[in-house]
Every structure is written in structure tokens, then in C-alpha cells.
Amino acid sequence: MTTTGELDALETELTAAVGAASDEGALETLRVEALGKKGRISLMMRSLGQMSPEERQVMGPALNGLKDRIGSAIAARKAALEAKALDARLATERADVTLPVRNEPKGALHPVTQVMEELAVIFADMGFEVAEGPDVEDDFHNFTALNFPEGHPARDTHDTFFMKPESDGSQKVLRTHTSPVQIRTMMERKPPIRIIAPGRVYRCDWDQTHTPMFHQVEGLVIDKEAHMGHLKGILIDFIAAFFETDVVESRFRPHHFPFTEPSAEMDVRYERVGDAVKIGSGDQWMEILGCGMVHPNVIANCGLDPDEFQGFAWGMGVDRLAMLKYGAPDLRDYFANDVRWLAHYGFSPLLQANLASGLS
Ligand code: 2U9
């Protein structure tokens, strides 16, 4: 038969154990051992049934008292442990107000990425979709479909990176322009087509101002009556939006490309302002891009009827546009991955380019 003396000894033991519990897990184990279904106090209370009424008269209140006291000791210890855990966490989360408000954001958008985003925003506003394609191309999509005659200098090694010959002797190339993307689009989709094709292109000639890999954005419109006037309008609007100027003095100089007829190069007026250039007006001409009406052979090579469909295209070097707009005169720096240069010329990734708040 359990005695009150034993209850006192048990209370002392349990109270000491509760006080010594180092974390909430240990405390929970203790609670179960004492007050759980098969807990020591619970089992004693179940033994009340076998006692005489006199004994139960004594042990009932004694056991209830013990159960309540151990229960509140456990609850108090739990609260103390939770408070201690919170302090510990807060200590690690303590905000050192002497620290800069938010550690300066690490990393920035490369100027080429920024310009690519600005171009996508500008042309999306004119209804152009972005189309992409593989960097490794075959001879048809990179040359033949674009009306490059056999033996055209652009086809040979000093201009183009050739991959190891395939089993069938054909050789893939690293694309020398993003025009294959437009070819694939014209072969996959019926007109009207309004796309821009941004991406990396590869040319096997590098020097002070040329790198083996650089970035281009080309554009294409194919429908039934698109003409040179539309082309000039789109390009002049592009220049105004990109260089954030209302004045765009430009000229279209006749040129030749195998994939456009007639072809032209677009120049815009500019003037030097300190070490920057102000595009749009001035006393000098700056060549910005090449363009032209898509050659009927190219339209036919894509399975479209050149008597029914016509269109125009243009191409521009993105790295060069970035240098014109944001300075950083040496193209090689664009590929040198110098974090100081990137920190200086980079753009905050938080400021998305958009026409409303100004592109840059
Ligand atoms: C198709 C038909 C025609 C794309 C064009 C240019 C003119 C051009 C240069 C600009 C600077 C290359 O990066 S650069 O050196 N590109 O001048 N590109 S017209 O003409 C196309 C493309 C696709 C189906």
C-alpha cells in the first residue's frame, strides 16, 4: 500500500528531475514517465480503486495534489526552457544596428544582360516576340538558307568555328549570327511573323575590338505588305527608346548582305560629351546596325512563296550597343569577369528595365 511518505519522496525526486531537465525533449519524457497513461502517478491513482475508503480518504487528495504540483512544475519548466531557447535564437538574430542597413547586394546584371532586357522591353512594346535557338547550327540554317553562295568567304574557317565532322561528313558550326533562329521560325510558323532573336554568336576573328564570342539581337517581320518604310520607322523608334532621346537624326546607307535585298546600314548622328557619346544628334555619324528586305531566295528556302510573302530584318551587336550607351570602351573587359568592373558597370538586379520608369 502506497504511503504519503513515499509520495513525498516521489515528489522530491520528480521536482528535482523537472528542475534539472535541460531541454523540452527531456522534459516531455519526464512528463510521460510521471503523468502519462502508464506514468508513475497515474498508476498510483489507478490503485485508489483497490484501497479502503479510509486509505482513499487520505491518498486521494494527496495524489491529486501531487499530480497538480508536478504538472505545474513541468509547465513552469517548459516556459522557462522556451524563453531560454528564444533568447538564444534572438541572441543569434540580434540586429547589429551598426551594420549597414542591408549588406550591399552582391552581384549585378552584366551590361550585356541589361541591354538584352532593354531590347526585349522595347521590341515587346512594338509587338515582337523573343525567339531563341541552338548555338551549334548546321550548314543549311546558318548559311545555305540565308542565300550564302557556296564559297562565300563567311563560310570558311577564318570566319567560322567548325565542329568535328559528323559521321556523314557534314560539319556543324558555332552559329555566326542568330539568323538561323529566324530561318527555323519561318519554317515552323506561317506568317505574320514578328520576332527578335537575341543570343550568343561566334566568329573566328578576334582583335582589339572583336571577341570570338559576342552577342547579337536580330529582328524579323514577315507578312504580306511589310516594306522598307515600316523597317525605318521601327528602327528609328528603337533608337529613340534605347538611347532615351527624342531626336534621332539617321540615315540608311546602301549595303549588301546575301540574305537581304535591298540592304542598308543605319547610321545615327552623335556627338562626344566628355568621355561619353550623345546619340541622336550631333556632327558625326555612328553606324548602329545593318538591315534590309528579306531576300526572296531566303523566303523560298523556308518554304514560303516570295510572291505572297515579304518582310524585313535587321541585326545589331549588343556588346557594342552597351559600350555606346554605358561607356566601358574596351570590349575585352566585357568578358574579363573582373568583379570590380562588374560592380562598377553592372546594374541592380532589382531594377527591371521598363519603358515607364525609364529603361536604365
Ligand atoms: C533572315 C533574313 C535576314 C539579319 C540582318 C544584319 C543585316 C546585320 C550585323 C550587325 C552587327 C551583324 O553583329 S553584327 O556584326 N548584322 O547587319 N543582319 S540584316 O538579316 C536576316 C536574318 C534572318 C531570315
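Which strand gives the most to the shell around the ligand, and with how many residues? The points below take up that question together with other features of this model, which is predicted.

1. **The shell around the ligand.** Strand 10 is the element that gives the most to this shell, contributing five residues. The elements that each supply at least two residues are helix 7 (179–188), strand 5 (213–223), strand 9 (284–294) and strand 10 (310–317). In total 20 residues surround the ligand, and the closest of them are Gln216, Phe257, Phe259, Gly290 and Gly315.

2. An oxygen atom of the ligand has a polar side-chain atom of Gln216 at 2.8 Å, and for Gly290 the corresponding pair is formed by a backbone N or O atom, which lies 3.3 Å from an oxygen atom of the ligand. With Gly315 the pair involves a nitrogen atom of the ligand, placed 3.4 Å from a polar backbone atom of that residue. The ligand taken alone exposes 560 Å², of which the protein buries 89%.

3. **Helix 7.** The buried residues are Ser179, Pro180, Val181, Gln182, Ile183, Thr185 and Met186, and the elements against which the buried residues of helix 7 pack are strand 2 (136–137), helix 6 (139–142), strand 4 (193–202), strand 5 and helix 9 (296–301).

4. **Glu261 and its annotation.** An unreviewed UniProt entry carries the annotation "binding site" at Glu261, a residue placed in strand 7 (residues 260–273). Leaving out residues up to four places away in sequence, Glu261 touches His256, Met293 and His295.

5. **Thr260, also in strand 7.** Thr260 has its place in strand 7 and counts as buried because its relative accessibility is 3%, under the 20% limit. Its side chain is joined to that of Ser263 by a polar contact of 2.5 Å. When residues up to four places away in sequence are not counted, Thr260 touches Cys291, Gly292, Met293, Val294 and His295; Met293 and His295 are also touched by Glu261.

6. **Two cis peptide bonds.** The bond from Glu261 to Pro262 is cis, with omega near -5°, and Pro262 is found in strand 7. The bond from Pro191 to Pro192 is likewise cis, with omega near 5°, and Pro192 belongs to the loop between helix 7 and strand 4.

7. **Two asparagines with positive phi.** Most residues other than glycine have a negative phi. Asn147 has a positive phi of about 70° although it is not a glycine, and it lies in the loop between helix 6 and strand 3 (173–174). Asn337, which is not a glycine either, has a positive phi of about 50°; its loop runs between helix 10 (318–326) and helix 11 (339–345), and Asn337 is classed as exposed because its relative accessible area is 60%.

8. The protein chain is divided into domain 1 (4–92) and domain 2 (111–345), whose centres, taken over C-alpha atoms, are separated by 79 Å. Ala108 sits in the loop between helix 4 (53–93) and helix 5 (111–124) and is partly exposed, with a relative accessible area of 37%. Apart from its neighbours within four places in sequence, Ala108 is in contact with Leu342, Gly346, Phe347 and Pro349. Between the C-alpha atoms of Ala108 and His255, which are 147 residues apart along the chain, the separation is 38 Å.

9. **Gly39.** The loop between helix 2 (24–35) and helix 3 (40–46) holds Gly39, which is buried, with a relative accessible area of 0%. Once neighbours within four places in sequence are set aside, the contacts of Gly39 are Val32, Glu33 and Ala34.

Definitions and conventions. Residues numbered from 1 in each chain as written. Predicted model: local features only at pLDDT ≥ 70, side-chain atom pairs only at ≥ 80, totals over all residues. Heavy atoms only, no water. Domains from an automatic or database assignment. UniProt positions renumbered as here; feature names shortened; annotations may be inferred. Helix = DSSP H or I, 4+ residues; strand = E, 2+ residues; numbered from the N terminus. Contact = heavy atoms within 4.5 Å. Near = heavy atom within 4 Å. Polar contact = N/O pair within 3.5 Å; in protein donor to acceptor, adjacent residues only side chain to side chain. Areas by Shrake-Rupley, 256 points an atom, 1.4 Å probe, with all protein chains shown as cover. Buried < 20%, exposed > 50% of the residue type's maximum accessible area, 1.4 Å probe, protein only.
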